[in-house]
Amino acid sequence: YDWPLLEIGALCRVKRGASPRPIQDPKWFSGRGHGWVRISDVTASDRVLLKTTQYLSDAGKAASVEIVPGDLIMSICGTIGRPLFSGINACVHDGFVVFKDIDQSRLSPEYLYFFLQAQTRHFEAQSQPGTQRNLNSSIVATSEIPLPSLDEQRRITEVLRSVDDAITAAQAALDAGRAAHRLLLEALFGVCFSERINATELVTIGQVCSRVTYGFTNPMPTTDDGPWMLTAANVRQGWIDYHSARHTSIEAYTGDISDKSRPPLGSILVTKDGTLGRVARVDRTDVCVNQSVAVLIPDQQAIDGAFLNFLLQCPSGQDRMLADSGGSSVKHIYISKLADLQFGLPSVEQQKERAIVAKESERSVRVEAKAVERLNELKTNLMSDLLTGKVRVPA
């Protein structure tokens, strides 16, 4: 393409935020003073920042950096490369940069917004590791941006904004679907944890499972292909994320671990370390799990596996599991307490009926999630094509 490449810092001032020191001093803060933007506010917002969860006093404001509605900011600490427009008067700390005085005769702020989004992985790779990853503001300022005419910038942002709008609508449908699914699970399975259940119906997970255990603790090799090696990070609520999982060798899979680390088809996985209580059902035979994942093998004569899967996903099941977690700095779900978790067990016919209804609801949520995933992939591809001039938007 014939677009010029200019450093971002040549088109605006890239100003790093500031935090009052020492940060622990309460004189900097106020109950409802001046909004102070933190990383959690950015990750909880979509495109435009409309509120903050913490506020500065007049003294704190004087020690920070102010932003006004319309200002573009980007996170450079912890969560790297998340741009956002401000919709409020506020202040930002040193985990952000602010793009001030953008030369709008050459650069559209919205075009810069999408360009920064497209550079997230590049910025993450340039960040410095530490307690939290940190990106030097000079790297942002010296990053080069392809600069088509303002008219073409407008056409590009219109396309990308339309995809953003579709993503927002699809995400709203997914969020509503997930909320409805949780309510349905609670209605179908939450009653099993009710105190109104007759005591003669009560069982424990240990009584209806042939094994309650967890995966390997020894190091395992990583290979390009072979059996899947799952950790808690790969277990989502209701499904297993194989895209983020690694492979191990067939030799290590068959020789270096025992059967307890190779859950059979239909086993229930529960994350017991890190993010606790995510539940999924094993849907293939070539998997192994590490110690961060609990493995429940349902006794098919005692309980329907799909029923147990949804039982532990329902809000009451989640609450019971998390209530029994322990540990000081890092929480854990203990295998022994998980095995002792008690609930009321309906008849096999009722178990299967409830599981069928829950599966239909889950299938609808999966369809909505897939739609969001496809739109995000479309946006990624479009940003790669349109922001580099590989594909031009006709006038």
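**Stop 1: helix α9**

Start by selecting G305, A306, F307, L308, N309, F310, L311, L312 and Q313, which are the buried residues of α9. This is a predicted model. Helix α9 spans residues 305-313, and nine of its nine residues are buried. A side-chain oxygen of D304 comes to within 3.3 Å of the backbone nitrogen of A306.

**Stop 2: the whole chain**

Zoom out. The chain has 395 residues, and 48% of them count as buried. There are 12 helices and 20 strands to find. The C-alpha atoms fill a box of roughly 75 × 50 × 40 Å along the principal axes.

**Stop 3: the largest pocket**

Rolling a probe the size of a water molecule over the atoms shows where empty space is left. The largest pocket holds about 1200 Å³ of space. Which of its 28 lining residues are closest to its centre? Select Q117, N376, K379, T380 and M383. Next, colour the elements that give two or more residues to this lining: β8 (79-86), α3 (109-118), α4 (120-126), α6 (150-189) and α12 (348-386). The biggest share comes from α12, with eight residues. Colour the lining by class, and you get seven nonpolar, 10 polar and 11 charged residues.

**Stop 4: the second largest pocket**

Move to the second largest pocket, with about 990 Å³ of space. Its lining has 31 residues, and those closest to the centre are Q237, G238, W239, E362 and R366. Helix α9 from the first stop comes back here. It is among the elements that give two or more residues to the lining, along with α6, β17 (279-281), α10 (315-323) and α12. Which element gives the most to this lining? Again it is α12, with eight residues. By class, the lining splits into 13 nonpolar, eight polar and 10 charged residues.

**Stop 5: strand β8 and its partners**

Go back to β8, one of the elements in the lining of the largest pocket. Six of its eight residues are buried, so β8 is largely enclosed by the rest of the structure. Show strand β7, residues 72-77. Strands β7 and β8 run antiparallel, joined by five bridges.

Now show strand β4, residues 48-49. Is its pairing with β8 parallel or antiparallel? It is parallel, over two bridges. Select L49 and look across to S86 in β8, which stands opposite.

**Stop 6: T271, a buried residue**

Select T271, in strand β16 (residues 268-271). Its relative accessibility is 0%, so T271 counts as buried. A polar atom of its side chain lies 2.8 Å from the backbone nitrogen of R278. Show what else surrounds T271. Beyond its neighbours within four places in sequence, T271 is in contact with A232, V235, L276, G277, R278, S292 and I333.

**Stop 7: E251, an exposed residue**

Jump to E251, in helix α8 (residues 250-255). Is E251 buried or exposed? E251 counts as exposed, because its relative accessibility is 57% and the cut-off for exposed is over 50%. Try the distance tool here. E251 and Y214 are 37 residues apart along the chain, and their C-alpha atoms are separated by 21 Å.

**Stop 8**

Most residues other than glycine have a negative phi, and most peptide bonds are trans.

- Select R21 and P22. The peptide bond between them is cis, with omega near -10 degrees. P22 is in the loop between β2 (13-16) and β3 (29-37).
- Select R47. This residue is not a glycine, yet its phi is positive, about 75 degrees. R47 is in the loop between α1 (39-43) and β4.
- Select D101, in the loop between β10 (96-100) and α3. Its phi is positive too, near 50 degrees. D101 is exposed, with a relative accessible area of 56%.

Terms used
Residues numbered from 1 in each chain as written. Predicted model: local features only at pLDDT ≥ 70, side-chain atom pairs only at ≥ 80, totals over all residues. Heavy atoms only, no water. Buried < 20%, exposed > 50% of the residue type's maximum accessible area, 1.4 Å probe, protein only. Helix = DSSP H or I, 4+ residues; strand = E, 2+ residues; numbered from the N terminus. Polar contact = N/O pair within 3.5 Å; in protein donor to acceptor, adjacent residues only side chain to side chain. 1 Å grid on protein atoms, 1.4 Å probe; cavity = no way out; pocket = protein on both sides within 12 Å on 5 of 7 lines; lining within 4 Å. Points joined across faces, edges and corners; volume = space filled by probe spheres on them. Nonpolar A, V, L, I, M, F, W, Y, C, P; charged D, E, K, R; others polar. Pairing = 2+ DSSP bridges. Contact = heavy atoms within 4.5 Å.
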